[in-house]
Amino acid sequence: MPTCAIDLSFEQLMADAEITSLAQQLMYSYGANRRARLPLQLAFCSLGGKTEQQLTKINGFGNWKVARHSESYLHAFDRSRLVYLSSESDEALHSLDPDAVYVIGGLVDHNKHKGLTHARAVAEGLRTVRLPIDEHMQMSQRRVLAVNHVFEIMLHFANSGDWKAAFLQALPQRRGAQAR
């Protein structure tokens, strides 16, 4: 199974309430992974500061089976394995490479920093891909998703091989997602 690394290097761009929300999204991601028939490898990169403080408030966090890296994903993993997920990417993700590390930007910003994760990944010379939402779904709202929704889509696809089923299972109904 591939690795999903959450890039937690955006803390300075978030208010305390957004950091609290991010910690909750990480908890949801971990819970979904724990319940999965075939869990993904889950890693938290650039873990520290207020984000780590919020996570330590969650009962049992110390026992989570997740790779914890205080350093960036650029140092935690071989650069050739890194693929940054970005809604701004021109390339749609069609299949998962079991050796890849798919990086999810850990940023709760309500679109204040649109394009930031994509620009950073491009500047670092990394391959970027987007989830194939447009190819499989009709959305009544924007395509930028919460960290846990992106993770759960990846998890469900890894377990089923079916993008439509993965989207329908992971996206909340309030997002107005319908299969094409």
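I count a residue as buried when its relative accessible area is under 20%. The model I am reading is predicted.

**Entry 1: Tyr-30 and Trp-64**

I looked up Tyr-30 and found a relative accessible area of 9%, so Tyr-30 is buried. I then looked up Trp-64, which also counts as buried because its relative accessibility is 9%.

Next I searched the whole structure for aromatic pairs and got six. I noted the pair of Tyr-30 and Trp-64: the ring centres are 4.5 Å apart and the planes meet at 5 degrees, so I wrote it down as stacked. Planes under 30 degrees apart count as stacked, which is the cut-off I used. Where do the two residues of this pair lie in the chain? Tyr-30 is in helix α1 (residues 16-35), and Trp-64 is in the loop between α2 (49-56) and β3 (67-68). They are 34 residues apart, so I recorded the pair as a link between distant parts of the chain.

Trp-64 has another ring partner, Phe-44, in an edge-to-face pair. I read 6.3 Å from centre to centre and 70 degrees between the planes. Phe-44 belongs to strand β2 (residues 41-45) and Trp-64 to the loop between α2 and β3, so this pair ties together parts 20 residues apart in sequence. Both Phe-44 and Trp-64 are buried.

**Entry 2: Ser-46**

I moved to Ser-46, in the loop between β2 and α2. Is Ser-46 buried or exposed? Its relative accessibility is 18%, so Ser-46 counts as buried. I listed what Ser-46 touches, leaving out residues up to four places away in sequence: Asp-7, Leu-8, Ser-9, His-69, Ser-70, Glu-71 and Ser-72. I also checked Tyr-73, which is 27 residues from Ser-46 along the chain; their C-alpha atoms are separated by 7.3 Å.

**Entry 3: strand β4**

In a regular strand the side chains alternate between the two faces of the sheet. I checked both faces of β4 (residues 82-85) and found them covered. Leu-82 and Tyr-84 are buried on one side, and Val-83 and Leu-85 are buried on the other.

Which strands pair with β4? I found parallel pairing over three bridges with β5 (residues 101-105). Parallel pairing over three bridges also joins β4 to β6 (residues 127-129).

Note on methods:
Residues numbered from 1 in each chain as written. Predicted model: local features only at pLDDT ≥ 70, side-chain atom pairs only at ≥ 80, totals over all residues. Heavy atoms only, no water. Buried < 20%, exposed > 50% of the residue type's maximum accessible area, 1.4 Å probe, protein only. Helix = DSSP H or I, 4+ residues; strand = E, 2+ residues; numbered from the N terminus. Pairing = 2+ DSSP bridges. Phe/Tyr/Trp six-rings, centres within 6.5 Å; stacked < 30°, edge-to-face > 60°. Contact = heavy atoms within 4.5 Å.
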